[in-house]
Amino acid sequence: METKTLTPPKSGSGSGRKSKAEPQSTTKPSDLLTPEDCLEMLKQLYLARYFDVRLIKEKRRGRLTGTLYSSHNQEAILVGSLYGLNGTDWISPIHRDMPAFFIKDLRAGWDNPDRLGMSIGEVCAQVWCRSGSPGRARDNWSHIGSKSKRIVHSTSMLAGTIPVAAGVVLADRLNGGDAVVLTYNGEGSTAQGVFHEAINFAAVHKLPVITIVENNMWAYGTPVELECPTEDVATRAAGYGIPGLIADGQDVFDVYDKVMVAVEHARAGKGPSIVECKTFRAYGHGDHDDDRAARYRTKEDVESGRSRDPIAICKIHLVNKGYLTKAEAKKYMAENKHATQTSDEDFPPDVVSYMSKGIEFALASPPPPAEEGAMWVFREEN
Ligand SMILES: Cc1ncc(C[n+]2csc(CCOP(=O)(O)OP(=O)(O)O)c2C)c(N)n1
Ligand SMILES: [Mg+2]
């Protein structure tokens with residue numbers, strides 16, 4: 001079955017050496033989204049949030065082990081950046097982006113077995129280290145990928161996937177394809193040498209590499225000002241002669257707009273862009289770091305960083321557009337709550353059942369046999 005495609009609207013991307021390129025026309029890509037698209041984006045925000053909330057609760061209940069890296073408060077970056085992609089485009093998520101694995105190509109149908117994203121069952125099986133997972137219990141988190149689903153295998157080395165992603169779309173271009181790749185990186189990744197090397201290479205060869213920088217102000221316990229000497233990471237784009245765009249990472253439609261400008265630019269053969277999404281990390285680096293994070297960040301900073309919930313902001317847009325009534329907007333109130341303060345009633349029932357089925361799939365899948373542990377480590381000699 002063919003996956004849905006969205007033709008990026010003409011919006012005049014900054015193709016020159018200007019940084020902070022903004023769409024020039026008054027029509028933004030998001031103005032052309034249908035009411036159904038906008039409501040679907042809200043539902044995907046709920047799904048990403050519920051995935052996070054549910055895993056935190058499962059772990060507290062003692063049904064799950066392993067570190068969780070929360071994407072709470074950063075969901076608009078994932079949903080907004082992925083929504084306009086073609087199924088055949090590539091992504092390379094990292095630890096903060098676990099929902100990206102199943103949100104990719106979700107527009108093609110949540111239960112469409114042919115969509116080019118992982119199933120939520122596979123992702124839950126990965127978290128529970130079961131045999132139904134892509135990683136088959138070698139890891140409980142994001143060190144997975146899929147060639148057929150067009151997801152570059154994530155590695156632990158920060159920014160290390162950018163050169164790999166650049167190679168993937170170079171190969172695609174040589175084979176006559178028009179795929180773009182979105183690589184996700186925290187602002188901490190931008191201090192790595194390979195970040196510059198890879199973007200420089202992509203710029204020289206005009207490769208369709210879109211580097212999303214999720215600037216959540218913290219890299220583990222290091223604040224952004226100790227990683228980056230400029231106020232914005234995106235201004236570095238000028239040094240490579242490529243567009244650098246800044247998105248409000250709390251606003252799913254602003255992220256969509258900026259990423260679609262970059263996608264159009266890349267699809268047209270004009271090369272890479274950096275899209276910096278301003279956001280704030282809601283919890284510790286991982287849940288092992290929650291207690292420590294409460295000491296290295298002030299309560300006031302955390303409260304202010306979390307005050308603009310992406311679900312609430314999306315709802316305001318939908319009410320203003322007339323796609324949602326005020327009463328409908330109040331029906332599910334997941335926003336502005338800590339995971340433990342939420343109940344299933346705060347989420348649409350189809351979101352809860354979708355995730356629940358994913359967990360059921362994971363738990364019905366046995367752990368892989370012990371002898372598998374040494375497989376696929378060394379090249380087998382025949
Ligand atoms: C090259 C490298 N150095 C250090 C680490 C250990 N490490 C893993 S995640 C992380 C912090 C990442 O911060 P950031 O890039 O801002 O992403 P965030 O976790 O905030 O989403 C660190 C230091 C690593 N994986 N790779
Ligand atoms: Mg960070």
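Which residues have the most contacts inside the largest nonpolar core? They are Leu45, Tyr46, Val79, Val169, Val181 and Ile210, in a core of 97 residues.

## About the model

This is a predicted model, in which local features need pLDDT of at least 70, side-chain atom pairs count only at pLDDT 80 or more, and totals for chains, interfaces and linings use all residues. Residues are numbered from 1 along each chain as its sequence is written, while chains are lettered from A and ligands numbered from 1 in the order in which they are written.

## Overall build

The protein has 12 helices and 7 strands. Helices (H or I, at least four residues) and strands (E, at least two) are DSSP runs, numbered from the N terminus. The C-alpha atoms fill a box of roughly 65 × 55 × 50 Å along the principal axes. For 382 residues, a compact globule would have a radius of gyration near 21 Å, and the 20 Å of this protein agrees with that. The radius is taken over C-alpha atoms, and the globule rule is 2.2 Å times the number of residues to the power 0.38.

Buried residues make up 50% of the 382 residues. Here a residue is buried if 20 or more other C-beta atoms lie within 10 Å of its own, exposed if 12 or fewer, and partly exposed in between, with C-beta atoms placed from the backbone. Of the contacts between residues at least 6 apart in sequence, 72% join residues at least 24 apart. Two residues are in contact if their C-beta atoms, placed from the backbone, lie within 7 Å.

## The nonpolar core

Back to the core from the opening: a nonpolar core is a set of buried Ala, Val, Leu, Ile, Met, Phe, Trp, Tyr and Cys residues joined through C-beta atoms within 7 Å. In the largest one, with its 97 residues, helix α1 (residues 35-60) gives the most, with 12 residues. Val79 touches Met41, Gln44, Leu45, Ala48, Ile103 and Val252, leaving aside residues up to four places away in sequence.

Helix α1 also holds Pro35. Pro35 is exposed, because 12 other C-beta atoms lie within 10 Å.

## The parallel sheet

Five strands form an open sheet in the order β1-β2-β3-β7-β6, with parallel pairing. Its edge strands are β1 and β6 (244-248), each of which pairs on one side only. Neighbouring strands are turned by 20° against each other on average, direction ignored. Two strands count as paired if DSSP finds at least two bridges between them.

Walking across the sheet, strand β1 (residues 90-92) pairs with β2 over 3 bridges, and Ile91 has Leu182 as its bridge partner. Finally, β6 and strand β7 (residues 273-278) pair over 5 bridges; here Ala247 partners Cys277 and Ile246 partners Glu276.

## Two covered strands

In a regular strand the side chains alternate between the two faces of the sheet. For strand β2 (residues 181-186), 6 of its 6 residues are buried: Val181, Thr183 and Asn185 on one side, and Leu182, Tyr184 and Gly186 on the other.

β7 is largely enclosed by the rest of the structure, because 6 of its 6 residues are buried. One side carries Ser273, Val275 and Cys277, and the other Ile274, Glu276 and Lys278.

## Helices and crossovers

β2, helix α6 (residues 193-204) and β3 make a right-handed β-α-β unit. Another right-handed unit is built from β6, helix α7 (residues 252-267) and β7. Right-handed means that, with the strands pointing away from the viewer, the path from the first strand over the helix to the second runs clockwise.

Helix α5 lies across β1, β2 and β3, running at about 175° to β2. Axes are lines fitted to C-alpha atoms, for helices over the stretch in contact, and angles run from 0 to 180 degrees between N-to-C directions.

## Two backbone angles to check out

Asp105 has a positive phi of about 60° although it is not a glycine. Asp105 sits in the loop between α3 (100-103) and α4 (120-127), and is buried, with 24 other C-beta atoms within 10 Å.

Ala159, also not a glycine, has a positive phi of about 70°. Ala159 belongs to the loop between α4 and α5 (161-174), and is buried because 24 other C-beta atoms lie within 10 Å.
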